[in-house]
Amino acid sequence: MYKKLRIILSVLMVLSMLASVVCITSVSAGAVTAQTFATGVSNGPLKSGYYQYYFVDSDGNYVKSGNKVLISKYTGKASTLSIPSKIKGKSVTHIGVYAFSNNTKLKSVTIPSSVKVIGQCAFFGCKSLKTIKFSQSTIDISSDSFDETAWYNSKPNGVVYAGKVALNYKGSMPKNKSIAFKRGTKAISHGAFMNNENLKRITIPNTVQSIGFMSFNNCTGLTSIKIPNSVTNIEQASFMDCTNLKSITFGGCAKIGFDAFSNTAWYNKQPNGVIYLGKTAYEYKGNMPTKTSITIKSGTTVIASAAFYNCKNLRSVTIPKSVKYIQVCAFSNCTKLKSITIPSSVKEIGQYAIGYYFDKSTFSYKKISGFKITGGKGSSAEKYAKSNGFKFSTST
């Protein structure tokens, strides 16, 4: 699994260099976030007044045109600023990395409800920024987005909240620390508490929807966690390297990112084979025998990100009608898997989830030759097949 994480993070690192994005901060623990890297083909940067922007999709990837906008740069000198909810009729959904950084004129900013994501170091170094009006709908915020601002510097030590997001822990954490996130919290930020070995217990209220990328990574003091059913998204490496984490109570239908629980006591005690976490097929552990066929157990609702990544001996898989989500790279690099039947119950299929392998020579994903998908007419399976150029046949 560590090899898997290194591969994917290496991809992100290259993309970040291509985008000339480097964020160095001395305050926040989360120096890398899942939403840092915008990729894809664009027509930008475009300009409107003091704003530079790109068209993006819902995941923040660049597209040539669309209805969503990422603000990449603000060049104005206003002291009080209301970020527009639309630019040229397009909804502003993302604030990009470093978009407002080091603007020493800015004292007050209002973030509109259209904004869903605030990227890494977006307001870093805005030393005069004292007042920030957050929208309750903005729940995807990097833990270092507001480092070195007057707003952040004025906060007392302890958990810092940005609107409805638990942003990070400020100051030195005392030993055997217990944190109960306040009710109404909707998200825990990317990298928010990583490397805090003194964190002993966490209580997550049933208002939380998302646990961010590497949010509790390497919190070796954690021994048990209870994840409420309200959580619908657990991002990559969230609890990875929590080596003493033995007990995970989880019954919800969450999307789980790759390596979310790798190198935990819970993971290490699991037998080889398909590991299930609640209703999620989390991962295949160990070396897969040749010519393996797998039947996902009935009642499973999610096949997690990279769950069967690099399972090159997988020849066939049976997916039950209970499955609703097949996540990013779920069956990527399964080069002996030549066909798959996907039930109509599946609502969403992630990028490179099926029919792709990773080509190290070109550092890119390529399609498995002759890959075939069978599914219902008008289903997500048919849409995935057509959009990715795979052969599709209708199931009887």
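Helices (H or I, at least four residues) and strands (E, at least two) are DSSP runs, numbered from the N terminus.

Ground rules. This is a predicted model, where local features need pLDDT of at least 70, side-chain atom pairs count only at pLDDT 80 or more, and totals for chains, interfaces and linings use all residues. Residues are numbered from 1 along each chain as its sequence is written, and side-chain values use heavy atoms, with hydrogens and water left out.

**Confidence.** I checked pLDDT, the predictor's confidence in each residue from 0 to 100. The protein chain averages 89, and 89% of the residues score at least 70. Residues 1-37 stay under 50.

**Hairpin.** I looked up strand 29 (residues 356-359) and strand 30 (residues 364-367), and they pair antiparallel over four bridges. Four residues sit between them, and Phe363 in the turn has a positive phi of about 55°. Asp359 has Ser364 of strand 30 as its bridge partner. Asp359 also makes a salt bridge with Lys366, closest N and O atoms 2.9 Å apart. For a salt bridge I need a side-chain nitrogen of Lys or Arg within 4 Å of a carboxyl oxygen of Asp or Glu.

Is Asp359 buried or exposed? Asp359 is buried, because its relative accessible area is 11%, while Lys366 at 32% is partly exposed. My cut-offs: buried is under 20% relative accessible area, exposed is over 50%, partly exposed is in between (1.4 Å probe, protein chains only).

**Other salt bridges.** The structure holds three salt bridges. Lys255 and Glu348 meet through their side chains at 3.0 Å, N to O. That pair links distant parts of the chain, with Lys255 in strand 20 (residues 255-256) and Glu348 in strand 28, 93 residues apart. I also found Lys386 with Glu382, closest N and O atoms 3.2 Å apart. Both lie in helix 4, four residues apart, about one turn of the helix. Lys386 is exposed at 61%, but Glu382 is buried at 11%.

I traced an open sheet of five strands in the order 21-22-24-26-28, with mixed pairing. Its edge strands are strand 21 (273-277) and strand 28 (348-349), each pairing on one side only. Elsewhere I followed strand 31 (residues 372-375) and strand 32 (residues 391-394), which run parallel and share four bridges. The chain gets from strand 31 to strand 32 through helix 4 (residues 380-388), in a right-handed β-α-β crossover. Right-handed here means that, with the strands pointing away from the viewer, the path from the first strand over the helix to the second runs clockwise.

**Inside.** Which residues touch the most other members of the largest nonpolar core? Of its 75 residues, they are Phe193, Phe216, Phe261, Ile303, Ile326 and Phe331. Another core lies apart from it, with 32 residues, among them Trp151. I count as a core a set of buried Ala, Val, Leu, Ile, Met, Phe, Trp, Tyr and Cys residues joined through side-chain atoms within 4.5 Å.

Trp151 is in helix 2 (residues 150-153) and is buried at 6%. Its C-alpha atom is separated by 4.4 Å from that of Lys130, 21 residues apart along the chain.

Terms used:
Contact means heavy atoms within 4.5 Å. Two strands pair if DSSP finds at least two bridges between them.
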